[in-house]
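This briefing walks through a few parts of one protein model, topic by topic. Please keep the sequence and the structure in view as you read.

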Amino acid sequence: MISRVKSEQLFAEALQLMPGGVNSPVRAFRAVGGQPFFVQKAKGAHIWDVDGNEYVDYVCTWGPAILGHAPPPIIEAVQRAAQAGTSFGIPNPLEVSLARKIRAAVPSVQKVRMCNSGTEATMSAIRLARGYTRRDKIIKFEGCYHGHVDSLLVKAGSGALTFGYPDSAGVPASFTQHTIVLPFNNAESVKVAFEANPGQIAGIILEPVPGNSGVYLPHLGYLEFLREITAATGALLIFDEVMTGFRLALGGAQQRFGIRPDLSCFGKIIGGGLPVGAFGGRAEIMDLLAPLGPVYQAGTLSGNPLAMAAGIAALDQLVDTDAYVVLEKLGAQLETGLRDAARAARVPIQLNRIGSMFCTYFTDQPVHDLQGAMRSDRQRFARFFHGMLEEGIYLAPSQFEAGFISVAHSEADLGKTVEAAAKVLKTL
Ligand SMILES: *Cc1c(COP(=O)(O)O)cnc(C)c1O
């Protein structure tokens, strides 16, 4: 066992100071048992804990670190921005620059509003969809996570699912009475919901590629179907691309699948590792936001110059390099390696991957919805997680999270990972 004495000391103190010792639940390792390590520093695809242990990191701060940790262009941009002041609360040129870059990359976005987290983005997009359509009901899908928005914490994924309460306490039933929850990849249930609620559904919100209950892909034609039924009924199609935006392609999942949603939510990558969120879409809808329109939305730190500078630097790197080609190649290499290792160890797995997002489920059945994800042997996953951690490979500490590859992952990192997996899988 590698030593984590300093992490243990810090966690003991953290438990006295913060609920569960953490500021976001999945970090507490509860789903896999044991205790989290504390990070001293991170660079490229590697992180070091306070005890000096080094790990190859596939969490990538839950997605933002697509260029790896602490890439020089982002660090320099943040330093430069900080010299000029950390917050103004009045327009700054960096906001215009990031908005321009988002619009250039994502054609469905004509106008965009910055906020401070993915949660704010989805919360505001839903308010806007309701304001625009003058309807109340929203369709969401089982296992999709849209941040900790009250009305969306119904059958949610990520930490909510990890801890077995996808429906949070503290959310009045009256707050979620307008939320219709349906299984993902099931067109019939969506048709039925529209028939049962004529003229009442403001929109459908979804992760076009769900990445918060592991990773599974939309069936062929499913996203097209959602586009058609929303257009035909006057409801809005809202893509939550907080994870997939600038991850699956510069233009996100919507580019990859050729769908034009009415509204899109962003976060993670567009902040370059700083707290950020954004939502955008057709100008005609976006112009209903205050100060132009009656849908209120605001933020003291929204458009923060450090976050804008980091996001601009991140997007510039993604535009100027062959990042997505590299990520696809690395993703394919990791997929093949892990599949081969599992086959050799005779452990049935489903390795779901798209580009640089992946998930290993421990089941012999294909996974394309929450029900399928729930069939994974989570005890086996927990043993796999800890085995890999001992080998210096840090995977997300929950079955219901995506793994992420960055452009900083080297072939040697992937080789080491596959070698570790071959060893660990044999012990499961
Ligand atoms: C991470 C995530 C969110 C929430 O973003 P926060 O910045 O954590 O509030 C929302 N939707 C999706 C799809 C996410 O992956």
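How many bridges join strand 3 to strand 13, and do these strands run parallel or antiparallel? In this predicted model, strand 3 (residues 54-57) is joined to strand 13 by two bridges, and the strands run parallel.

- Val56 has Ile393 in strand 13 as its bridge partner.

**An aromatic pair**
- Searching the whole structure gives 14 aromatic pairs, and one of them is formed by Phe37 and Tyr394.
- The ring centres of Phe37 and Tyr394 are 4.9 Å apart and the ring planes stand at 75°, so this pair is edge-to-face, because planes over 60 degrees apart count as such.
- Phe37 is found in the loop between helix 1 (5-17) and strand 1 (39-43), whereas Tyr394 is in strand 13 (residues 393-394), so the pair ties together parts that lie 357 residues apart in sequence.

**The sheet with strands 11, 12 and 14**
- Another open sheet consists of three strands in the order 11-12-14, and its pairing is antiparallel.
- Strand 11 (350-354) and strand 14 (403-404) are at the edges with a single partner strand each, so one side of each has no neighbour in the sheet.
- Strand 12 (residues 357-361) pairs with strand 14 over two bridges in the antiparallel sense, and the bridge partner of Phe358 in strand 14 is Gly403.
- Helix 12 lies across strand 11 and strand 12, and runs at about 175° to strand 11.

**Helix 12 against helix 15**
- Helix 12 (residues 323-345) packs with helix 15 (residues 411-426) at an angle of about 20°, and their axes are 9 Å apart.
- That angle makes helix 12 roughly parallel to helix 15, because angles under 35 degrees count as roughly parallel.
- The crossing in which helix 12 passes helix 15 is right-handed.
- Residues of helix 12 including Leu330, Leu334, Leu338 and Ala341 meet a set in helix 15 that includes Leu414, Val418, Ala421 and Leu425.
- The residues of this contact divide into eleven nonpolar, three polar and three charged.

Key:
Residues numbered from 1 in each chain as written. Predicted model: local features only at pLDDT ≥ 70, side-chain atom pairs only at ≥ 80, totals over all residues. Heavy atoms only, no water. Axes fitted to C-alpha atoms, helices over the stretch in contact; angles between N-to-C directions. Helix = DSSP H or I, 4+ residues; strand = E, 2+ residues; numbered from the N terminus. Parallel < 35°, antiparallel > 145°, perpendicular 65-115°, else oblique. Left-handed = near helix turned anticlockwise from the far one by under 90°. Contact = heavy atoms within 4.5 Å. Nonpolar A, V, L, I, M, F, W, Y, C, P; charged D, E, K, R; others polar. Pairing = 2+ DSSP bridges. Phe/Tyr/Trp six-rings, centres within 6.5 Å; stacked < 30°, edge-to-face > 60°.
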